[in-house]
Amino acid sequence: MSAPLTVLVTGASAGIGAATARAFAAKGDRVILSARSAHRLRDLEAEIDGDTFVLPLDVTDAQAHLDALGWLPAEWRDLDVAVLNAGLALGLVPVWENTVDHVDRMLDTNVKGVVNGLRAIVPGMLDRGRGHVIGIGSTASHTVYPGGVVYCASKHALLALMNGLKVDLHGTPVRVSTVSPGMVETEFSRVRFEGDAARADAVYSDTVALTAEDVADAVVYCAHAPERVNVQELLLTPRVQSGYTMIARGDDVP
Ligand code: NAP
């Protein structure tokens, strides 16, 4: 059996990140649980039967990112895998109607937050001569849909950052992957609609979305692929989703 990986998961307090942390721990890997909500991370740590470390961090804070990773205890510092998953969508309006606050928070989290992570993480991976960065993209990395244009732009940028990182790392052993899911039932829509549960639930009603665990399986697959393999991008949708934005519902679900 191979040695356990040391894995950082951002956005581990909910949804895909929490499922990813659980999935790595179930493989016997060591997981750093990171997000803003420290109490939710501690709850997850208590639930996971494995080796975990709680790292509260707002990914939009570039200096806090460097500090938090720099202050990790020595036994947690040598990251093998970083899953840059923290992200969000806010609102569903034509692009010109977005509030400044929504635009800032989406771009600061989904784009600048990822660059902040790369600045803090990649130099150590290069020094150690090993590592793997896994970004969480989206079908929104490939298309646009009405009302979600700023979010889609941020996810296009995420994919460009990951593909560009692979190019910048050419000739090094550090691997780069993007896992790009379609619709996944998590807290994502509750965040987008700022707590409007009925509106959020309607997104997932009468259809069969991916689960956070489905995406976590894909992430773990990328990380545990043989060293010679680099999964560049893994695009997965629910069976009922076609062509990025077509989602079958009700009697149309095959
Ligand atoms: P979620 O359930 O709302 O989880 C989002 C996570 O991101 C939470 O743990 C949240 O934790 C964290 N987060 C948000 N802002 C942060 C910040 N500034 N600093 C640190 N952590 C932050 O949503 P999800 O569906 O799991 O989303 C995870 C990723 O998957 C996102 O990048 C999203 O774009 C992507 N994605 C989702 C879907 C979908 O349909 N659900 C589809 C494709 C891609 P705190 O609030 O505690 O910080």
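The lining of the second largest cavity in this predicted model comprises seven nonpolar, four polar and one charged residues. The volume of this second largest cavity is about 40 Å³. Its lining is formed by L90, G91, L92, V93, N98, M106, G147, G148, V149, V150, Y151 and R192. Among the elements, α5 makes the greatest contribution to this lining, with three residues.

Two cavities of 30 Å³ or more were found when the whole structure was searched. The largest cavity has a volume of about 50 Å³. The residues lining the largest cavity are T10, V59, H65, L84, A86, T109, G113, V114 and G117. Helix α4, which spans residues 100-128, supplies the largest share of this lining, namely four residues. When the lining of the largest cavity is sorted by class, four residues are nonpolar, five are polar and none is charged. For the second largest cavity, by comparison, the lining includes one charged residue.

The ligand is located in the largest pocket. Two or more residues of the shell around the ligand are given by each of the elements α1 (15-26), α5 (149-168) and α6 (188-192). Helix α5 was named above for the second largest cavity, where its share of the lining is three residues. There are 30 residues around the ligand, and those that come nearest are S13, R36, S37, Y151 and T186. Sorted by class, the shell around the ligand consists of 14 nonpolar, twelve polar and four charged residues.

In the case of T186, an N or O atom of the side chain is 2.6 Å from a ligand oxygen atom. T186 is also among the residues that come nearest to the ligand. The backbone takes part at two further residues. At N85, a backbone N or O atom is found 2.8 Å from an oxygen atom of the ligand. At A14, the distance between a polar backbone atom and an oxygen atom of the ligand is 3.3 Å. The ligand taken alone exposes 880 Å², and 94% of that area is buried by the protein.

Technical notes. Residues are numbered from 1 along each chain as its sequence is written. This is a predicted model: local features need pLDDT of at least 70, side-chain atom pairs count only at pLDDT 80 or more; totals for chains, interfaces and linings use all residues. Side-chain values use heavy atoms; hydrogens and water are left out. A residue is near a molecule or strand if one of its heavy atoms lies within 4 Å of it. A polar contact is a pair of N or O atoms within 3.5 Å; within protein, one must be able to donate a hydrogen and the other to accept it, and residues adjacent in sequence count only if both atoms are side-chain atoms. Accessible areas come from the Shrake-Rupley method with a 1.4 Å probe; for residues, only the protein chains shown count as cover. On a 1 Å grid over the protein atoms alone, a cavity is a set of points where a 1.4 Å probe fits but cannot get out, and a pocket is an open set with protein on both sides within 12 Å along at least five of seven lines; lining residues have an atom within 4 Å of a point. A molecule sits in a cavity or pocket if more than half of its atoms lie within 2 Å of its grid points. Ala, Val, Leu, Ile, Met, Phe, Trp, Tyr, Cys and Pro count as nonpolar, Asp, Glu, Lys and Arg as charged, and the others, Gly among them, as polar. Grid points are joined across faces, edges and corners, and a volume is the space filled by probe spheres set on the points.
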